[in-house]
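Work through these exercises with the model open. Try each task before reading its solution.

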Amino acid sequence: MHIALATSLASIIITSGSSAINHLKLGNVDLFVIKWLMPGVVIGGFAGSYIAEWIPSHYLPKVFAFIVLMLAIQMFLSIKSQAVRNLPPPFITTCCGAGIGMVSSLAGIGGGSMSVPFLSKHGVEMRRAVGSSSVCGCVIALAGMLGFVFHGAKAEGLPEFSVGYVYLPALFAIAATSMVTTRFGAKLATTMPTPKLKKIFAVFLLFVAFSMMF
């Protein structure tokens, strides 16, 4: 499980980095949001890799699945809602970022399934929520991966071609294809109507939740 988490985070650095560049070019990144979320996601990403050493690995998918399921329901409910909430004060936003970073690092993901609903709920336009999330996801993954590399340096019995808990052959195989497909995702997020984008993202969250739950 630790190798899976670390390798997933390492691949997300490349995937989210490529996606973030495409979204920046398309003007889909809210720099004000990034400013206040970034410190929290860095702290949370590191913290998640440390906590993973103490939590039995078979509990991690169940906890994350429940959180993602709640986010999917919230996303469905927000499709018809016209209410717009402002982002919380900077300190609260940073604390939320820490929570997103910690859970994402524990689950081996970039955090988009949590940060996109969070930003959308607080009035950030859906395209900019997706673009800003890709930037945060890259930072979460980097922080979490560094923590797993550090812990894995002391682990025994790891497969050949591993750097800490990161398994390089899997990393390169995943990154080779994901770097190509992120540009198509960024273009779709820019051209697709917001309600439709929310529906697709909510269905995606449901698939993630149920696959991890069962």
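**Exercise 1. Find how far apart the end C-alpha atoms of residues 165-185 lie, and the helix and strand content of the span.**

Solution. The end C-alpha atoms of residues 165-185 are 29 Å apart. The span is 86% helix and 10% strand. Helices (H or I, at least four residues) and strands (E, at least two) are DSSP runs, numbered from the N terminus. Next, take residues 36-52: their end C-alpha atoms lie 25 Å apart, with 94% helix and 0% strand. Both spans carry the UniProt annotation "transmembrane region", from an unreviewed entry. Such annotations may be inferred rather than shown by experiment.

The model is predicted: local features need pLDDT of at least 70, side-chain atom pairs count only at pLDDT 80 or more, and totals for chains, interfaces and linings use all residues. Residues are numbered from 1 along each chain as its sequence is written, and side-chain values use heavy atoms, leaving out hydrogens and water.

**Exercise 2. Identify which residues have the most contacts inside the largest nonpolar core.**

Solution. The core has 36 residues. Phe64, Val116, Leu119 and Met126 have the most contacts inside it. Elements giving two or more residues to this core include α3 (60-78), α5 (112-121) and α6 (126-152). A nonpolar core joins buried (under 20% relative accessible area, 1.4 Å probe, protein chains only) Ala, Val, Leu, Ile, Met, Phe, Trp, Tyr and Cys residues through side-chain atoms within 4.5 Å.

**Exercise 3. List the contacts of valine 116, leaving aside neighbours within four places in sequence.**

Solution. Contact means heavy atoms within 4.5 Å. Val116 then touches Met75, Met126, Ala129, Val130, Ser133 and Phe201.

Methods: Buried means under 20% relative accessible area, exposed over 50%, partly exposed in between (1.4 Å probe, protein chains only).
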